[in-house]
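Hello,

Here is the structure I promised to pass on. Please have a look at it first, and then read my notes below.

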Amino acid sequence: MRTLLRLCTVVALACAPVFAPAPALAAGGPQVLVVSTGNEEQEVADYAVERLHMEARRWNFTLIEGTPEDLEHLGAYDVVMFLNTGGDFLDEAQQESVETFVKQGGGLIATNTAIESEPDWTWFHESLSATALPRAETATEEAVNFNSGSQVTEGLDEELKLTERWYFFDPEPAQPGSTLLAQLGSGDAVAWVNEELPVFYASPGGEGKTWGDRDFLQLIRQAIWWGAGEDAAMVQNSDDAAPAWPYTLTFVLFVVAVAGGGSIAVWRLDKAESEREAAAA
């Protein structure tokens, strides 16, 4: 019994760092309000927000999940994100608040179905500079090519393959009013920014797997940084950086090593105590 208690203590101490609560917010950096009201797939939206929280901790910005009501008071934020929003989810006052926020320099990031949100909100759709045609009925894998020369696409040199129900646009992003950042092999637009306002749009994001793609997340976080008006390069938070090799395997090996060493130590202690008790008897 004594051996078992000691062994449990060793394992508990080994596991303690893993279950310690991690900070929910990054220190400093842009403050980002994300709204996903009206999305078509709640599981996808939830997973996207989860991944963005991880990006926020690693790359020193703060992500706050909000509702349309939070859009009425944007003084504390640097960026508003419409993550796969849909339908008429804003009232007139909330629309005016977002419009004023962007005109005063706040960033607006929109993904996937957000381009179909608020069909009667003229300012929003003029800022996006494009009109979406109905999405494809089925998801297909397509290659996405990035254009260099933008802070948003810096470091994204390789071709990215994503499986999505793709949007096509007519009209496409107006030029020179917009800067195209990414396109399909066919040349159809995938992501772009408004050249006069800090507004960014990316058509992918309707599939959960897309939000797990490292390059797509890099595109989004760099768009957030750009939308917040940050000129300095993004620096990864070393305290929350991803480990060099798979976390689960690292954790298992760590526990096995500590538990194994602890077991040997406990066995030796019990053996010594048994010998002392035998000698005393």
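Glu118 counts as buried, at 3% relative accessibility; here buried means under 20% relative accessible area, exposed over 50%, and partly exposed in between (1.4 Å probe, protein chains only). The areas themselves come from the Shrake-Rupley method with a 1.4 Å probe, and for residues only the protein chains shown count as cover.

Before going further, some housekeeping. This is a predicted model, in which local features need pLDDT of at least 70 and side-chain atom pairs count only at pLDDT 80 or more, while totals for chains, interfaces and linings use all residues. Residues are numbered from 1 along each chain as its sequence is written, and side-chain values use heavy atoms, with hydrogens and water left out.

**Backbone**

Glu118 sits in the loop between β4 and α4. (Helices are DSSP runs of H or I with at least four residues, strands are runs of E with at least two, and both are numbered from the N terminus.) Its phi is near 45°, a positive value in a residue other than glycine. Asn112 also has a positive phi, near 50°, and is not a glycine either. You will find Asn112 in the loop between β4 (107–111) and α4 (122–128), where it counts as buried at 2% relative accessibility.

There is also a cis peptide bond, joining Asp170 and Pro171, with omega about 5°. Pro171 belongs to the loop between β6 (160–164) and β7 (178–184). As a reminder of why I list these spots, most residues other than glycine have a negative phi, and most peptide bonds are trans.

Gly87 is in the loop between β3 (79–83) and α3 and counts as partly exposed, at 39% relative accessibility.

**Aromatic residues**

How many aromatic pairs does a search of the whole structure find? The search gives 9. For a pair, rings of Phe, Tyr and Trp (its six-membered ring) must have centres within 6.5 Å; planes under 30 degrees apart count as stacked, over 60 as edge-to-face and the rest as tilted. Trp121 and Phe124 make a stacked pair, 5.1 Å centre to centre with 20° between the planes, and both residues are buried. Trp192 and Tyr201 make a tilted pair, 5.1 Å centre to centre with 55° between the planes. Trp192 is buried, with a relative accessible area of 2%, and Tyr201 is buried as well, at 0%.

Trp121 and Phe124 also belong to one aromatic cluster, together with Phe82, Phe89 and Trp123.

**Salt bridges**

The count comes to 3 salt bridges, taking a salt bridge as a side-chain nitrogen of Lys or Arg within 4 Å of a carboxyl oxygen of Asp or Glu.

- Arg135 pairs with Glu40, their closest N and O atoms being 2.6 Å apart. Arg135 lies in the loop between α4 and β5 (140–146) and Glu40 in the loop between β1 (31–35) and α2 (42–59), so the pair ties together parts that are 95 residues apart in sequence. Arg135 counts as buried at 13% relative accessibility, whereas Glu40 counts as exposed at 53%.
- Glu55 pairs with Arg221, with 2.7 Å between the closest N and O atoms. This pair links distant parts of the chain, 166 residues apart: Glu55 is in helix α2 and Arg221 in helix α6 (residues 214–227). Both Glu55 and Arg221 are buried.
- Glu99 and Lys103 meet through their side chains at 2.9 Å, N to O. The two are 4 residues apart in helix α3, so about one helical turn separates them. Lys103 counts as exposed, at 53% relative accessibility.

**Surface charge**

Which residues gather in a patch of negative charge on the surface? They are Glu69, Asp70, Glu72, Asp91, Glu92 and Glu96. Patches are made of residues with over 30% relative accessible area and no salt bridge, with like charges joined within 9 Å. Asp and Glu count as negative, and Lys and Arg as positive; His and the chain ends are not counted. The place of a charge is taken as CG of Asp, CD of Glu, NZ of Lys or CZ of Arg.

Definitions and conventions
Patch = residues over 30% accessible without salt bridge, like charges linked within 9 Å, V, L, I, M, F, W, Y side chains within 5 Å.
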